[in-house]
Amino acid sequence: MKVKNDNPAGRLYDILSRANAQPQHNALGEVLSAALNASNSVDFHNRLVYLKELVAEVRQAVENSESLNKDLYLSHYSQIENLVNARNYDMPWSNVSNLLNEPTLINIAHIAEILPPTYRENLIEEDVLNDLIFTIEELIKRVKESGLIIELQRIIIDQLYLTLNSIYAYKIRGARGLRETLSNSLGEFILNYELFKGAGDSEEVKQYKSVLTKIHTIVTGAFTYYQITQEGIKLLLGS
């Protein structure tokens with residue numbers, strides 16, 4: 001079934017579908033790791049938190065809607081909540097896979113199709129995200145090897161890693177994660193303006209500003225409305 005994944009319910013459907021396709025003999029933790037594209041235990045636990053937030057967000061979206069039949073669309077939802085809140089990740093997937101039965105997945109698919117436009121965003125192409133990952137990873141290497149003062153290095157590297165985490169979690173959180181990270185990075189830039197100003201001629205700082213501007217362009221493309229305009233961010237960063 002092809003389901004719109006430009007909204008929280010669509011993203012949840014994609015994740016649950018990937019879980020549903022895993023071998024029955026795998027452990028629950030292995031199944032969820034595969035569904036969340038987690039490569040290690042830290043990634044898994046971080047993305048599991050995001051998944052739980054996503055499950056809560058979809059429930060809230062249905063409950064807040066005046067046009068949706070809440071009893072109908074949430075009739076199987078507790079099964080999803082029970083699954084993501086399971087405590088024993090070593091148990092066989094076969095013990096709990098029945099929670100993702102066909103009616104449950106169909107309900108999520110229907111929710112994804114009828115959620116109001118306020119929950120939708122324009123999808124970011126995978127090539128765009130991959131290019132951004134490459135640019136950020138290369139910049140992290142350059143900043144670590146640069147002559148920037150240690151405090152400024154730490155600020156830039158911390159923000160770049162936060163951005164990477166938001167990109168890796170895109171299929172769970174959507175562009176909201178990137179938007180939140182951008183807001184945080186701009187806040188750090190303002191708080192530490194004198195440090196950035198003092199290193200303004202540094203190629204690494206210029207590239208960092210360029211990355212923030214690029215993320216802003218991506219975020220504004222994903223959302224119909226965003227607080228900071230392109231002109232505003234250029235003025236803020238002095239670029």
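Me: What volume does the largest pocket have?

Reply: This is a predicted model, and in it the largest pocket has a volume of about 480 Å³.

Me: How many residues line the largest pocket, and which lie nearest its centre?

Reply: The lining is made up of 23 residues. Those nearest the centre are E126, L129, I167, Y170 and K171. Two or more lining residues come from each of α1 (8-20), α7 (126-144), α8 (150-168) and α9 (170-173).

Me: Which element gives the most to that lining?

Reply: That is α7, with four residues.

Me: How do the lining residues divide into nonpolar, polar and charged?

Reply: Ten are nonpolar, four are polar and nine are charged.

Me: Let us turn to α8. What does it reach from its first C-alpha to its last?

Reply: A helix can be checked against an expected length of 1.5 Å a residue. With 19 residues, α8 reaches 27 Å, close to the 27 Å expected.

Me: Which residues of α8 are buried?

Reply: A residue counts as buried when its relative accessible area is under 20%. In α8 the buried residues are L152, Q153, I155, I156, I157, Q159, L160, T163, L164, S166 and I167. One of them, I167, also lies among the residues nearest the centre of the largest pocket.

Me: Against which elements do the buried residues of α8 pack?

Reply: They pack against α7, α9, α10 (175-191), α11 (193-198) and α12 (203-222).

Me: Now a loop residue. Where is L36 found, and is it buried or exposed?

Reply: L36 is in the loop between α2 (28-35) and α3 (41-64). The cut-off for buried is under 20% relative accessible area, so L36, at 3% relative accessibility, counts as buried.

Me: Which residues is L36 in contact with, leaving aside neighbours within four places in sequence?

Reply: L36 is in contact with I15, F44, R47, L48, L51 and I172. Separation in sequence and distance in space can also be read side by side: L36 and L16 are 20 residues apart in sequence, and their C-alpha atoms are 9.3 Å apart.

Me: Which residue's side chain does N107 join by a polar contact?

Reply: The partner is S75, and the polar contact between the two side chains is 3.3 Å. Not counting residues up to four places away in sequence, N107 touches L72, Y73, S75 and H76.

Key. Residues numbered from 1 in each chain as written. Predicted model: local features only at pLDDT ≥ 70, side-chain atom pairs only at ≥ 80, totals over all residues. Heavy atoms only, no water. Buried < 20%, exposed > 50% of the residue type's maximum accessible area, 1.4 Å probe, protein only. Contact = heavy atoms within 4.5 Å. 1 Å grid on protein atoms, 1.4 Å probe; cavity = no way out; pocket = protein on both sides within 12 Å on 5 of 7 lines; lining within 4 Å. Points joined across faces, edges and corners; volume = space filled by probe spheres on them. Nonpolar A, V, L, I, M, F, W, Y, C, P; charged D, E, K, R; others polar. Polar contact = N/O pair within 3.5 Å; in protein donor to acceptor, adjacent residues only side chain to side chain. Expected span 1.5 Å × (residues − 1).
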